[in-house]
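Trainee: Could we go through this structure together? I would like to begin with how the chains meet.

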Amino acid sequence: MVQQKLRVILLTGRTIEQGVGKERGKASQEYFESVSMCYMDPEDMKKLGVRNNTNILVTTKYGSVVVKAVKYRRAPHTGMIYIPYGPWANAICSHETDSIGMPTFKGIPAQVAPAQNKPVLNMEELLKIEFGK
Amino acid sequence: MTIVKSVTCPVCGCLCDDIELVVEDGKVEEVKNGCAICESKFIGYRGEHRVLKPKIRQNGKLVDTTLQEAVKKSAEILANANYPILYGWSSTSCEAQRVGVELAEEVGGVLDNTAVVCHGPSILGIQEVGIPSCTLGQVRHRADLVIYWGCDPWSAHPRHVERYTTFAEGRFEGSEWKGYLQKFKAAAGRKKIKRVMKQAPVKNPPSIEPVTPSEPPQKMKKDGRKLIVVDVRRTMTAEVADYFIQVEPNKDYELMEALRALVRDQELDVNSVAGISVECLEELVDIMIGCNFGIIFFGLGLTMSAGKFRNIDVAISLTRDLNMRTKFAIMPMRGHFNVTGSNTVFTWQTGYPFGVDFSLGYPRYNPGETTSVDVLLRRESDAALVIASDPVANFPKKAVQHLVKNPLIVIDPHMNATSLMADVVFPSAFVGIEVGGTAYRMDHVPLPLKKVVDPPEGVLSDKEILNRILEETRKIKLKQVEAA
C-alpha cells in the first residue's frame, strides 16, 4: 500500500557531481541539478509511490524543502535518504552544535512526502524565502 | 601553445601535483591527469559566473563599484564593528591566511575557518588523545591494509585511491588495479547474464547475484594491498572495496569501541554491534592485526554524526591499541585544498587552529563559544568578512539568518550564495591558477601552488585585497583613537 509519509534518517554529504558543479560555479545549472536532489532507496520510493526524478518534500524539525527524488543505484539503504551539501540540504539540517562548534549534518530524523505538484526552487528563490534578500 | 607540467591542483586535500595544463592565448585549454573536479576547476575558472568588478549593495541591489570604494566601505564596516566574524580561508593560500590573522587581531574579531563545519571535531579529538599519523608517501609505499571509514574518496577526493593507496604502485606494495578491473568485468558479465535470463523462457532462473558476505570474503586472505570500507551506505568506494561493512547510522562509536575490546582480547557479551555480527568483527580484527602497515582514513561520516569528536577520539584510540599488535596510522580526509594550511597558519600565529577570538585583544579559543556557528546562533556578531568559502550554502539556516542580517563582505572569484547576500563583493584571482602561493596537503606536507595564467585585468589576489583592507582599517582606527 502506498504511504503518505515516510520516516527516514537524513544524511548530507559530497557527490562527484556536486564537486564538479561547485567548481563550475555556484550559479551554474550543473551545481543546481547536483544539489537540489535527494538519493532514495528504490524500496522506499515504492512505499511512497514516488517515481524516479519526481519531486518530494523533505521535512525535519528545522524546516522543509522540495527536492527531486533520484533512485540510488547502490541500494539497499532503506530508511535513509541522502542530499548533497548545498543550500537545499542546509534548509533542513540541524544547527545544534553540541557545544563544539559543529552542526549536525548527518543522521537527522526526517519525513518524506510526495510533492509532484510543488516546484524545486532555484537558488535565488530559495535564498529569498529563507533570508529575505 | 605552452604545456605547463607539475601543476598542483587547488581542489581537495590531495593536492595532486602531477597535473599538466595546455595553455593557449593566456587561457587553460586542456587538463591532463586531473579528476573530474580538477578539470571542472581549471576549465571553469573563466566561466560566465566569474565576478570581474567589485560590487556594493545600494538600495537592496548589488551594483558595480571601484576597488577603492569597495576597500573603503569594507574597512568602515570592520573598523566600526564590535565583534566581526572573519570566516573561510580554506581555499586560499597560506600567505593570504597570514594577512587574515593580522586583520582579525586589528579588528578584534572571531577568526574561523571551514574546519569548524568539517574536520573541527577531528582537531578536538586530536587535542584530546594525539594522533599516530604519517605522510601519504608512506601509505603509498608501505600500507598493505587501507580502511576508509565514513568517507567516500571516489566522490570527494577522486584520485586518493589512485595516487596514495590501493591503486598506487608503491616501492614495497603493488597496485591492485588489475584485480579490480577483473572484478568489474565479472560484475558486468553477471549483469549481462541476468538480462539474458530475464528474456529466457525459464521459470525461477537460478540466482547469479554474489551472496552478501556475513564474514570477510576469501579475497581478504589474498596477498597484496587490501581495501576495507566502513560506511552507512554503499558508496562508489565501497563498490571497489574488498570488504564493505555497512554500519547503522550514528553507531560508529559503538562499533569502534567493540573493535577496541576485541583488539585487547576481551570478549563481547552481545551477538552484534551496530548491525554487524561479532564473528564478523572478530574476523575484521584478525585482518587488522595481521597486516604489516595499516591506515585508517576517516571522513565526515565520523565528525558530523552522533558523537562527533568522541568518534575521532575513539578512532585514534583504536589506532593506538592496534599499534600494540602491529603498525597502524590514522589520517583525516581533509576537504578544501588548504584547510590544513589554515589550521597550521592560525596555529603558528595564534596558538589555535580555528575559532580564534581576538575580542579581548589576545587570542582565545573555546570551541562551542568562539566558533562561528555558535557566535551566529547567539546573535553576537555585528559584521562578517567571508573569504574563499560559501557559508550561506553550507551553514545551517538559523546561523545564516544572523549572518546576512549584518553587514557582509565577500572575497571570492565566483558569484556564490554568500555573494548574493553580501553588501560588498570583491572579485579575486584564483589561487593556484592565476596566483601562486603555498598550500598544505592533508598529511601536513606544504606544496607550492603555481601561477599558470594572468588574472583578468583589475582582479587582485586575496592577499593583496586583504592587505588593502587592513591598511585602510588601520587608518580609520587611528583616526578614531585620535578623535577620542
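Mentor: Helix H1 (residues 16-24) of chain A packs against helix H1 (residues 36-44) of chain B at an angle of about 10°, their axes being 8 Å apart. Axes are lines fitted to C-alpha atoms, for helices over the stretch in contact, and angles run from 0 to 180 degrees between N-to-C directions. Helices (H or I, at least four residues) and strands (E, at least two) are DSSP runs, numbered from the N terminus.
This is a predicted model: local features need pLDDT of at least 70, side-chain atom pairs count only at pLDDT 80 or more, and totals for chains, interfaces and linings use all residues. Residues are numbered from 1 along each chain as its sequence is written, and chains are lettered from A and ligands numbered from 1 in the order in which they are written.

Trainee: Which residues make the contact of H1(A) and H1(B)?

Mentor: H1(A) contributes Ile16(A), Gly19(A), Val20(A), Glu23(A) and Arg24(A). H1(B) contributes Ala36(B), Ile37(B), Ser40(B), Lys41(B) and Gly44(B). Two residues are in contact if their C-beta atoms, placed from the backbone, lie within 7 Å.

Trainee: How many residues of chain B are in contact with chain A?

Mentor: 56 residues of chain B are in contact with 45 residues of chain A. Several helices of chain B each supply at least two residues of that side, among them H1, helix H4 (120-129) and helix H15 (372-377).

Trainee: Now to chain B itself. How many helices and strands has chain B?

Mentor: Chain B has 19 helices and 21 strands. Its C-alpha trace spans about 85 × 55 × 45 Å along its principal axes.
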